[in-house]
Amino acid sequence: MSDGATPEAFPVPLDENEVYDTLAAFFGFNLKTDLFDQLTGAYSFAVWNLDAANPANINAVLTSDVDDAVAVGDVVDTISNLITVAAQGQVDVTSRPVGDNTVNNVTFPLEDQEMSIDFGMVGDEFMVGLGDGIDTITTPRTETLADTQAFTDAVGLLPTEYQAIYYVNIHAI
């Protein structure tokens, strides 16, 4: 344009809420208001067993408190149904117990192995886990760091009197 005016984009871009509203018409729920906005309060994220050569060995978990556990649970059920329909038999979608709760489990082939993703409400927390992520975070540990042989050996090398200890098990990382 030679008049210096800024050309308008075509098609006209949607704002964030219009995108979520459009997706809501397709999915039957609004990702923003029914899921993302419900994730509030304390949250945690952890990844371990990083293995670029074999992603099926990677474990991870994301947990978040929610405002409305029933609403998020309904969305989780709908997502599970959508995955089942969209996958057309290419993945397995089942439910499995986690303590007194039930989460959805999706398994799918990855090269010559199988990848597993869990998602659902555990108590009043929304959780998504890769590998054994949800099981790891929901199962209380019975041993402590002081119970490990590596820690005992490392502390045994210290003088009998010390002010503080900072211990990192590099091998375990």
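How many bridges join strand 5 to strand 6? Six, with strand 5 covering residues 113-122, strand 6 covering residues 125-130, and the two running antiparallel.

1. Ground rules. This is a predicted model, so to speak of its local features a pLDDT of at least 70 is needed, side-chain atom pairs count only at pLDDT 80 or more, and totals for chains, interfaces and linings use all residues. Numbering starts from 1 along each chain as its sequence is written, and side-chain values use heavy atoms, with hydrogens and water left out.

2. Six strands make an open sheet, ordered 1-2-6-5-4-3, with antiparallel pairing. Strands here are DSSP runs of E with at least two residues, helices are runs of H or I with at least four residues, and both are numbered from the N terminus; two strands pair if DSSP finds at least two bridges between them. Strand 1 (39-48) and strand 3 (92-98) are at the edges with a single partner strand each, so one side of each lacks a neighbour in the sheet. On average, neighbouring strands are turned by 15° against each other, direction ignored. Axes are lines fitted to C-alpha atoms, for helices over the stretch in contact, and angles between N-to-C directions run from 0 to 180 degrees.

3. Strands 5 and 6, and the helix on the sheet. Phe119 has Val128 of strand 6 as its bridge partner. Helix 3 (residues 69-87) packs on the sheet and touches strand 2 (59-66), strand 3, strand 4 (101-110), strand 5 and strand 6; contact means heavy atoms within 4.5 Å. The direction of helix 3 makes about 155° with that of strand 5.

4. The strand 3 and strand 4 hairpin. Seven bridges join these two antiparallel strands, and Val93 stands opposite Val106 in strand 4. The hairpin has two residues between its strands, and Gly99 takes a positive phi near 65° there.

5. Val91. You'll find this residue in the loop between helix 3 and strand 3. Leaving aside neighbours within four places in sequence, Val91 is in contact with Ile83, Val106, Thr107 and Phe108. Val91 has a relative accessible area of 22%, which makes it partly exposed (buried is under 20%, exposed is over 50%, partly exposed is in between, with a 1.4 Å probe and protein chains only).

6. Salt bridges. There are three in the structure, the criterion being a side-chain nitrogen of Lys or Arg within 4 Å of a carboxyl oxygen of Asp or Glu. Arg96, Asp118 and Asp135 are linked in a network. Asp118 meets Arg96 at 2.8 Å, N to O; the pair links distant parts of the chain, with Asp118 in strand 5 and Arg96 in strand 3, 22 residues apart. Arg96 also meets Asp135 at 3.1 Å, N to O. Asp135 lies in helix 4 (residues 133-138), so this pair ties together parts 39 residues apart in sequence. As for accessibility, Asp118 is buried at 1%, whereas Asp135 is partly exposed at 29%. Elsewhere, Lys32 forms a salt bridge with Asp37, with the closest N and O atoms 3.1 Å apart.

7. Aromatics. The structure holds three aromatic pairs; rings of Phe, Tyr and Trp (its six-membered ring) pair if their centres lie within 6.5 Å, and planes under 30 degrees apart count as stacked, over 60 as edge-to-face and the rest as tilted. Tyr20 and Phe36 are edge-to-face, at 6.3 Å centre to centre and 70° between the planes. Ring pairs also link Phe26, Phe27 and Phe29 into a cluster.
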